[in-house]
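Have the structure open and follow along.

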Amino acid sequence: MKRKAALHNLGCKVNAYELEAIQQMLEQQGYEIVPFAPGADIYIINTCTVTNIADRKSRQMLHKAKKMNPDAIVVACGCYVQAAGEKLEQDSAIDLVVGNNKKKEIPAILEEYFREKEEGRSGSGTWVTDMTHNREYETLSISRTAEHTRAFIKVQDGCNQFCTYCIIPYARGRVRSRRPEDVLEEVRRLAESGCQEVVLTGIHLSSYGVDLEEGQNLLALIRTIHAVDGIRRIRLGSLEPGIITEEFAEAIAALPKVCPHFHLSLQSGCDTVLERMNRRYRSEEYMEKCRLLRRVYDRPALTTDVIVGFPGETEEEFEASRAFVEEVNFFETHIFKYSRREGTRAAAMPDQIQEQEKTRRSHILLELDAQRRQEYMESFLGEEKEVLLEEKVELDGKNWWVGYTREYLKAIVPDDGKNRANEMISVRFSQIYHREYLL
Ligand code: SF4
């Protein structure tokens with residue numbers, strides 16, 4: 001009888017990609033993949049450690065799995081596991097601890113576990129490498145996408161930046177890039193299976209290629225993927241502003257498959273806070289990068305992340321950050337309340353901000369975000385745009401197909417009873433529906 005495995009992901013798209021790859025490996029080895037519900041023999045939880053909440057959710061999920069089936073094997077893998085290290089071994093809800101760069105070994109680790117069990121031994125164990133010294137890119141791959149039509153492709157791992165608030169370099173290690181020929185092979189495979197849109201992701205995507213031969217960088221990789229037949233859209237994951245040079249902006253603008261949707265991490269619009277964060281740019285430089293993108297594209301969708309309540313962030317500094325966010329005029333701002341991560345430099349900084357104050361600042365930015373989103377969407381009313389349909393949704397008792405424009409605006413069209421998933425259509429927008437969809 002086939003063993004049943006249930007998988008659950010927490011955190012970013014890189015983690016999601018890795019779990020997808022684990023799932024496809026297990027399927028190939030004859031496991032049956034079942035929903036994350038009672039009844040599985042194995043539960044694999046790909047954890048996250050980016051904030052304290054992510055840690056808590058990771059722990060909760062691991063315990064939930066054990067509760068669903070106390071006889072099942074619970075495998076904890078990923079960033080929370082990597083950062084928490086040996087502490088996890090004492091957690092009775094977890095049978096196997098598998099750190100980053102070891103995920104590829106999960107099928108073999110499971111086999112060993114079962115063998116040991118049959119021999120009457122414990123089977124439990126920990127597989128965690130020291131990420132500080134790991135220089136190897138762990139090759140995982142997918143042959144189809146779990147997303148509706150878009151395939152997220154991991155091309156890079158690790159980060160060398162050490163922003164003072166961030167735990168990720170400790171959990172993910174230094175920059176490692178995936179070989180371009182390996183990326184190309186995966187993209188070709190996905191294109192053959194009908195995938196039209198790929199999203200390039202990494203922990204620090206802008207560093208792609210720094211550890212490869214000269215000439216291998218993100219732009220070269222984009223060009224390689226651009227040449228793949230069947231791929232009609234290339235979207236880029238989060239970028240550092242530093243990568244947007246005149247040459248880069250003009251080069252990507254000349255590649256029609258690259259979507260005019262750029263996520264440039266800001267974190268703060270105030271220079272003194274950026275300095276304390278150890279970010280490598282200042283607000284003026286950031287603004288210049290946005291201008292560059294707006295020069296080569298018509299109304300590109302610029303999105304960003306902002307942290308509120310970084311240690312010592314005064315009211316004036318917050319106001320400077322808010323005013324900058326307003327001035328840039330983003331399509332979307334993802335707002336995060338600063339989370340104190342043990343082991344980082346910012347955790348030891350004086351003047352930590354009260355939770356209540358972080359919430360207040362976050363609400364101010366959320367309001368600005370909602371307003372700007374609306375304005376950006378309104379600017380497309382009356383225009384015709386290409387939409388890649390993804391899935392069916394029900395709104396107000398009616399069925400619709402929902403998809404995305406190249407700018408990543410959500411659009412809907414009435415359901416006509418046909419399966420339209422992965423269909424590229426042209427839509428003229430006349431209204432905004434539920435403040436969320438262009439119609
Ligand atoms: S760039 Fe900074 S925030 Fe991003 S992963 Fe690296 S250290 Fe963390």
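In helix H8 (residues 246-253), Phe248, Ala249, Ala251 and Ile252 are buried, meaning under 20% relative accessible area with a 1.4 Å probe, protein chains only. Helices here are DSSP runs of H or I, at least four residues, and strands are runs of E, at least two, numbered from the N terminus. Look down the axis of H8 and its buried residues fall within an arc of 165 degrees, so they line one face of the helix; the arc is taken over directions from the helix axis to the C-beta atoms. Those residues pack against helix H7 (218-226), strand S12 (261-263) and helix H10 (283-296), with contact meaning heavy atoms within 4.5 Å.

A word on ground rules: this is a predicted model, where local features need pLDDT of at least 70, side-chain atom pairs count only at pLDDT 80 or more, and totals for chains, interfaces and linings use all residues. Numbering runs from 1 along each chain as its sequence is written, and side-chain values use heavy atoms, leaving out hydrogens and water.

Now for Ile222: not counting residues up to four places away in sequence, Ile222 touches Leu200, Ile234, Leu236, Phe248, Ile252, Leu255 and Val258. Ile222, along with Ile44 and Leu200, has the most contacts inside the largest nonpolar core, which has 77 residues. Such a core is a set of buried Ala, Val, Leu, Ile, Met, Phe, Trp, Tyr and Cys residues joined through side-chain atoms within 4.5 Å. Domain 1 (4-129) and domain 2 (150-378) both give residues to this core, so it lies between them; the bounds come from an automatic or database domain assignment.

Definitions and conventions: Buried < 20%, exposed > 50% of the residue type's maximum accessible area, 1.4 Å probe, protein only.
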